[in-house]
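Subject: Structure handover

Hello,

Here is the structure I promised you. Please open it and keep it beside this email as you read.

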Amino acid sequence: MSENPQRKMSSSNFIIIGLIFIAGISIINIFMARSAKVNFDIVENDNYYYIQDNGNVTMLSEVVVQAKDEKSYNNLLSSYKKPDSEKRKVYEDFIDNLTKKTGRIFELISVQTTVTVSDRYKIKVIEKSEIKGFVQNIGNNRYEFSLMDQKINLENATLYVYKPDNWEFIKVIPNPTEITDNYLLWKNTGEIQFPKITLERK
């Protein structure tokens with residue numbers, strides 16, 4: 001691999017309100033942006049991309065938010081419990097926008113959302129979706145996983161990218177926090193460019 005993992009990253013301020021978190025393209029944050037008057041903290045934010053052998057990407061986003069008052073809690077919970085049909089429409093609109101911005105064709109295959117609550121106004125949202133378009137065939141058995149000219153904010157958050165067993169990481173920009181044989185990890189990096197990863201099918 002031509003890039004070395006970067007072990008320590010400087011931190012920057014994290015702007016919560018108005019966040020649409022492209023790492024996971026998560027509906028939770030789209031609804032957060034629509035409910036910008038609520039008061040809350042993001043307690044956990046873990047995002048996983050699983051590249052499949054057919055080039056599709058399964059994305060799993062696990063986010064825990066803690067509302068600071070009962071009104072904010074009720075507003076957030078109401079937003080997160082929108083009907084599945086409305087959530088899918090939000091995803092499809094966002095995917096259409098990505099297609100327009102990048103000139104590449106993205107397609108939503110499936111999406112599923114689970115919402116659970118716990119004490120002290122905490123809400124956990126797990127989203128699982130499958131999207132086509134993140135991986136491009138660049139020839140010679142090589143593929144590129146990328147989202148051109150997009151940024152993500154990973155302050156107090158993680159982003160994992162997993163590959164199929166018969167694929168190999170060749171090059172990655174920007175430097176991950178951790179590199180293993182199976183996945184790349186960016187953790188608490190602040191704002192970065194969305195990863196551009198070259199892979200080779202063995």
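A residue counts as buried when its relative accessible area is under 20%. Keep in mind that this is a predicted model.

Start with helix α2, which covers residues 70–80. Its buried residues are S72, Y73, L76, L77, S79 and Y80. How do they sit around the axis of α2? Looking down that axis, they fall within an arc of 160°, so they line one face of the helix. Now look at the start of α2. There, a side-chain oxygen of D69 comes to within 3.2 Å of the backbone nitrogen of K71.

Next, the aromatic rings. Two numbers describe a pair of rings: the distance of the centres and the angle of the planes. Rings pair if their centres lie within 6.5 Å. By this rule there are 15 aromatic pairs. Take F106 and F134: their ring centres are 5.3 Å apart and their planes stand at 75°, so this pair is edge-to-face. Where do the two residues lie? F106 is in the loop between α3 (84–102) and β3 (107–118). F134 is in the loop between β4 (122–132) and β5 (135–139). The pair therefore ties together parts that are 28 residues apart in sequence. F106 is buried, at 6% relative accessible area. F134 is buried too, at 0%.

One aromatic cluster is formed by Y48, Y50, Y160, Y162 and Y183. And K163 lies over the face of F169, 5.8 Å from the ring centre.

Best wishes

Notes
Residues numbered from 1 in each chain as written. Predicted model: local features only at pLDDT ≥ 70, side-chain atom pairs only at ≥ 80, totals over all residues. Heavy atoms only, no water. Phe/Tyr/Trp six-rings, centres within 6.5 Å; stacked < 30°, edge-to-face > 60°. Helix = DSSP H or I, 4+ residues; strand = E, 2+ residues; numbered from the N terminus. Buried < 20%, exposed > 50% of the residue type's maximum accessible area, 1.4 Å probe, protein only. Lys NZ or Arg CZ within 6 Å of the ring centre and 35° of its normal. Arc of directions from axis to C-beta. Polar contact = N/O pair within 3.5 Å; in protein donor to acceptor, adjacent residues only side chain to side chain.
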